[in-house]
Amino acid sequence: MAKKAASSKVVGLMRVLIAAGEASPSPPLGPALGQRGINIGQFCKEFNERTKDFKKGVPIRTKITIHTDRSYMFTTGNPPTSYFLKQAAGIEKGAHRTGHEVVGRVSLRHIYEIAKVKKDDPGFANYPLDSVCKCIIGSARSMGIEVIK
């Protein structure tokens, strides 16, 4: 992370999905960071170093806090639920007409494994595991993925 001065104020917050180990100065990331005065090369190097343990290409939720002195801090999270569901179902994208077509199937075991990973996300911090499973089942249905027992 870039150095943060004690007196610098936060001027921006960006939430983006960046492929693990594949951050580059090319669009759309490069221009978005460049507009805010961030050293794009340095950010890409730091992000790729931090995500080197992830499977290459996995989308990572990234929150970038930008300060007045052009310094920044970023935090990385888990991949989105939709990524895990698509991987478990073996599909590339969800249904065009949800409720009318089924594009894949996942078992309750898949849902449970995804829920164990997603339980660590800030959005699910105070939820019991069964509630996280119900949320993931709802996401699966909205993508046209059938949940089987």
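Two strands pair if DSSP finds at least two bridges between them. Helices (H or I, at least four residues) and strands (E, at least two) are DSSP runs, numbered from the N terminus. The model is predicted, with local features requiring pLDDT of at least 70 and side-chain atom pairs counting only at pLDDT 80 or more, while totals for chains, interfaces and linings use all residues. Residues are numbered from 1 along each chain as its sequence is written, and side-chain values use heavy atoms, leaving out hydrogens and water.

Strand S2 (residues 59-67) has pairings with two other strands, S1 and S3. With strand S1 (residues 10-19), S2 pairs in the antiparallel sense over nine bridges; here Ile60 of S2 is the bridge partner of Ile18. With strand S3 (residues 72-76), S2 is again antiparallel, over five bridges. In this second pairing, Lys63 stands opposite Thr75 in S3. S2 and S3 form a hairpin with four residues between them. Arg70, in the turn, has a positive phi of about 70 degrees.

Helix H2 (residues 40-50) has Ile40, Phe43, Cys44, Glu46 and Phe47 as its buried residues; buried means under 20% relative accessible area, exposed over 50%, and partly exposed in between (1.4 Å probe, protein chains only). These residues lie on the same side of H2 because they cover an arc of only 170 degrees around the axis, where the arc is that of the directions from the helix axis to the C-beta atoms. The buried residues of H2 pack against S1, helix H1 (29-35), S2 and S3, contact being defined as heavy atoms within 4.5 Å.

Asp121 counts as buried because its relative accessibility is 12%. Its side chain makes a polar contact with the side chain of Asn78, at 2.8 Å. A polar contact is a pair of N or O atoms within 3.5 Å; within protein, one must be able to donate a hydrogen and the other to accept it, and residues adjacent in sequence count only if both atoms are side-chain atoms.

The structure holds zero disulfides, a disulfide being a pair of cysteine sulfur atoms within 2.5 Å. For Cys133, the closest cysteine sulfur is in Cys135, 9.4 Å away and too far for a bond. Cys133 is buried at a relative accessible area of 15%, and Cys44 is buried at 5%.
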